[in-house]
Amino acid sequence: MKLGMALFIGGLILLMSGIFMSAYWAAAGSFMGIFGGMMMGSSSYFLAKTGQKAG
């Protein structure tokens, strides 16, 4: 799997699980959501560099 797509999928999973986790444990859920969003944002650099689409 390419680096950009792996970062996108991993970031999406972290973002969604962070949103779910924040309902029960706010500190861990917020950290996971922020880190997942940063991973998804950084994946756009690698996806644009190779010319692939995220979806």
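**View 1. A nonpolar patch on the surface is formed by Phe31, Ile34, Phe35 and Met38.** A patch takes residues with over 30% relative accessible area and no salt bridge, joining nonpolar side chains (Val, Leu, Ile, Met, Phe, Trp, Tyr) within 5 Å and like charges within 9 Å. A salt bridge here is a side-chain nitrogen of Lys or Arg within 4 Å of a carboxyl oxygen of Asp or Glu. Please keep in mind that this is a predicted model, where local features need pLDDT of at least 70, side-chain atom pairs count only at pLDDT 80 or more, and totals for chains, interfaces and linings use all residues. Residues are numbered from 1 along each chain as its sequence is written, and side-chain values use heavy atoms, leaving out hydrogens and water.

**View 2. Phenylalanine 20 meets tyrosine 24 in an aromatic pair.** The whole structure holds two aromatic pairs (ring centres of Phe, Tyr or the six-membered ring of Trp within 6.5 Å; planes under 30 degrees apart are stacked, over 60 edge-to-face, the rest tilted). Here the centres are 5.4 Å apart and the planes lie at 65 degrees, so the pair is edge-to-face. Both residues, phenylalanine 20 and tyrosine 24, are exposed (over 50% relative accessible area; buried is under 20%, partly exposed in between; 1.4 Å probe, protein chains only).

**View 3. Phenylalanine 31 and phenylalanine 35 form a stacked pair.** Their rings sit 6.2 Å centre to centre, with 10 degrees between the planes. Both lie in helix H2, four residues apart, about one turn of the helix. Helix H2 covers residues 26–50; helices are DSSP runs (H or I, at least four residues; strands are E, at least two), numbered from the N terminus. Phenylalanine 31 counts as exposed at 60% relative accessibility, while phenylalanine 35, at 38%, counts as partly exposed.

Definitions and conventions. Accessible areas come from the Shrake-Rupley method with a 1.4 Å probe; for residues, only the protein chains shown count as cover.
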